[in-house]
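Keep the picture in view as you read.

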Amino acid sequence: VRTIMTHRRDIAWLEVTDTAQVIRHKMAATGFGRLLVCDGGLDGVIGYVRTREIVSGDSALALYLVRT
């Protein structure tokens, strides 16, 4: 199980209330292609967002999804 599971401390996520600056910092710090979107921490996962959608032409949509 340990080989297929990611330890909780190694999971990167965006908080639904994160500012655009915080989102950019997390994207740069992790280098992941997808980030979970949470409401109140990892126990409140509401979805995920592809980081390329944030930096591409779909950035307005991606940021909207992160904030709703």
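Following the sequence, the chain shows the pattern β-α-β-β-α-α. That gives 3 helices and 3 strands in the chain, where helices (H or I, at least four residues) and strands (E, at least two) are DSSP runs, numbered from the N terminus. This is a predicted model, in which local features need pLDDT of at least 70 and side-chain atom pairs count only at pLDDT 80 or more, while totals for chains, interfaces and linings use all residues. Residues are numbered from 1 along each chain as its sequence is written, and side-chain values use heavy atoms, with hydrogens and water left out.

- The 3 strands form an open sheet in the order 1-2-3, with mixed pairing; two strands pair if DSSP finds at least two bridges between them.
- Strand 1 (13-15) and strand 3 (45-50) are the edge strands, each pairing on one side only.
- From one strand to the next, the twist averages 30°; axes are lines fitted to C-alpha atoms, for helices over the stretch in contact, and angles run from 0 to 180 degrees between N-to-C directions.
- Strand 1 and strand 2 (residues 34-38) run parallel and are joined by 3 bridges.
- On that side of the sheet, E15 stands opposite C38 in strand 2.
- Strand 2 and strand 3 run antiparallel, joined by 5 bridges, and L35 has V49 in strand 3 as its bridge partner.
- The hairpin of strand 2 and strand 3 has 6 residues between the strands, and G40 takes a positive phi near 90° there.

**Helix 1 and the crossover**

- L14 has V37 in strand 2 as its bridge partner.
- The chain passes from strand 1 through helix 1 to strand 2 in a right-handed β-α-β crossover, meaning that, with the strands pointing away from the viewer, the path from the first strand over the helix to the second runs clockwise.

**The nonpolar core**

- Which residues make up the largest nonpolar core? A12, L14, I23, M27, L35, V37, V49 and I54 do, 8 residues in all.
- A nonpolar core is a set of buried Ala, Val, Leu, Ile, Met, Phe, Trp, Tyr and Cys residues joined through side-chain atoms within 4.5 Å.
- In soluble globular proteins, nonpolar side chains tend to be buried together.
- M27 touches L35, T51, I54 and V55, not counting residues up to four places away in sequence; contact means heavy atoms within 4.5 Å.

**A closer look at A12**

- A12 sits in the segment before strand 1.
- Is A12 buried or exposed? A12 is buried, because its relative accessible area is 19% and buried means under 20%, exposed over 50%, partly exposed in between (1.4 Å probe, protein chains only).
- Leaving out residues up to four places away in sequence, A12 touches T30, F32, L35 and L36.
- A12 and L42 lie 30 residues apart in sequence and 9.3 Å apart in space, C-alpha to C-alpha.

**The chain as a whole**

- Of its 68 residues, 26% count as buried.
- Among the contacts in the chain with a separation of 6 or more, 39% come from residues 24 or more positions apart.
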